[in-house]
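Visitor: I'd like to go through this one with you. Could you put it up first?
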Amino acid sequence: MQDFKSIFIQKTQGFSIFPRRFGIKEGKTHLYGPPKSGKTSLALHFAKDFKYPIYIDCQDPRNNLESLTQELLKVFLEKKLDLLIIDNYTPGFNLPNIKNIILITPSKTTLIKGDFYTKQILPLSFEEYISVNKEQIPLNQLLNTFIKTGNLPELITMPEYQKISRIQEIAKLIFKDDLPILYALLSYQSHTFSTNQLYLQLKKHIKISKDKLYALISDLELQGFLTLINDPKQSSKSLYFYNFALPYALSPSPNFQAIFENMVFLELKSQNPNETILKENNSFILKESRFYALAFPSPNLLEKIATTFPNAIIIAINQIEYKNLKILDFISFALREF
């Protein structure tokens, strides 16, 4: 029989657990989202207040799901189970009848039976990123690191020289033999995207079926690895990644403006999780507000915006004064200090 207590201790030893702005409530919860976005760490952080938490990873080859069911029943009858966390949950796993269960999957579409609260987990917002700053590093310095290495929770405690290789390793784990598709996707960051356009581009260089590509893009979107935003006036979509800094680790020519726009989009999404964000005239539309993500806006572009959309909010790297336009530096915007 497995020693569930020792497995839980092994999992949490040396494991970076970051508190998030949001938490998990008691009851049955389904967490989903792209790899390395913090799903497991959030569940383990919640588990620290329980006496008998049990963690099971369905992808661990040492686990036999049928025998695990029997072992769980035994500890349940012995009243030594008050929270069950199942990572990489598969529908074939029989769940015990207990109050507190956390199921973790990559996609929202995994079949979950029962009354579970479903929540998508994405990587850290800038506010969360700086909240674990124990050395009181200046915000501008933290922002520079955030831009270059991205928002994945595990990277915070990792030595600087390991971060790029770790992002590359994660990409290989996700895409495997389809890594050329990711490289091609990077060129669409913050730009108009269609799967058919990507297919026409890829088939010149690699052998790929249209059906496989459409299925892959759909799965990545369901996970939250990428988000496609509608432009209702142009009948098109723009593409954004869950980790805006991917090009720094995977592209020979990263586009800073595209990375910055992706970063702003993720902050808007984090601050307004239940709202629809649209893309129009190179700006984000959120409810009745229009946001421009412009890292280093030129006077000519600001003049054009002031003439066309005088009530727009411009988000730039640094604070800029320009006539009557509202221009926010990224730190003030991300920390909502305005």
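Visitor: How many of the 8 residues of helix α7 are buried?
Guide: In this predicted model, 6 of the 8 residues of α7 (residues 179-186) are buried, so the helix is largely enclosed by the rest of the structure. Buried means under 20% relative accessible area, exposed over 50% and partly exposed in between, with a 1.4 Å probe and protein chains only. Helices (H or I, at least four residues) and strands (E, at least two) are DSSP runs, numbered from the N terminus.

Visitor: And which residues of α7 are the buried ones?
Guide: They are Leu 179, Ile 181, Leu 182, Ala 184, Leu 185 and Leu 186.

Visitor: What do I need to know about the ground rules?
Guide: Residues are numbered from 1 along each chain as its sequence is written, and side-chain values use heavy atoms, with hydrogens and water left out. Because the model is predicted, local features need pLDDT of at least 70 and side-chain atom pairs count only at pLDDT 80 or more, while totals for chains, interfaces and linings use all residues.

Visitor: Switching to the sheet, in what order do the 5 strands come?
Guide: The order is β2-β3-β4-β1-β5 in an open sheet with parallel pairing, where two strands pair if DSSP finds at least two bridges between them. At the edges are β2 (53-57) and β5 (117-120), each of which pairs on one side only.

Visitor: How many bridges join β1 and β4?
Guide: Strand β1 (residues 28-32) and strand β4 (residues 101-105) pair in the parallel sense over 5 bridges, and Thr 29 stands opposite Ile 102 in β4.

Visitor: Now charges: how many salt bridges are there in the whole structure?
Guide: The search finds 15, a salt bridge being a side-chain nitrogen of Lys or Arg within 4 Å of a carboxyl oxygen of Asp or Glu. One of them joins the side chains of Asp 60 and Arg 62 (2.6 Å, N to O); Asp 60 is buried at 18% relative accessible area, whereas Arg 62 is exposed at 68%.

Visitor: Where do Arg 166 and Glu 169 lie?
Guide: Both lie in helix α6 (residues 160-175), 3 residues apart, about one turn of the helix, and their side chains meet in a salt bridge (3.0 Å, N to O). Arg 166 is buried, at 13% relative accessible area, and Glu 169 is partly exposed, at 40%.

Visitor: What about Glu 280 and Arg 290, buried or exposed?
Guide: Glu 280 and Arg 290 are both buried, and their side chains meet in a salt bridge (3.0 Å, N to O). Glu 280 lies in strand β9 (residues 277-280) and Arg 290 in strand β11 (residues 289-293), so the pair ties together parts that are 10 residues apart in sequence.
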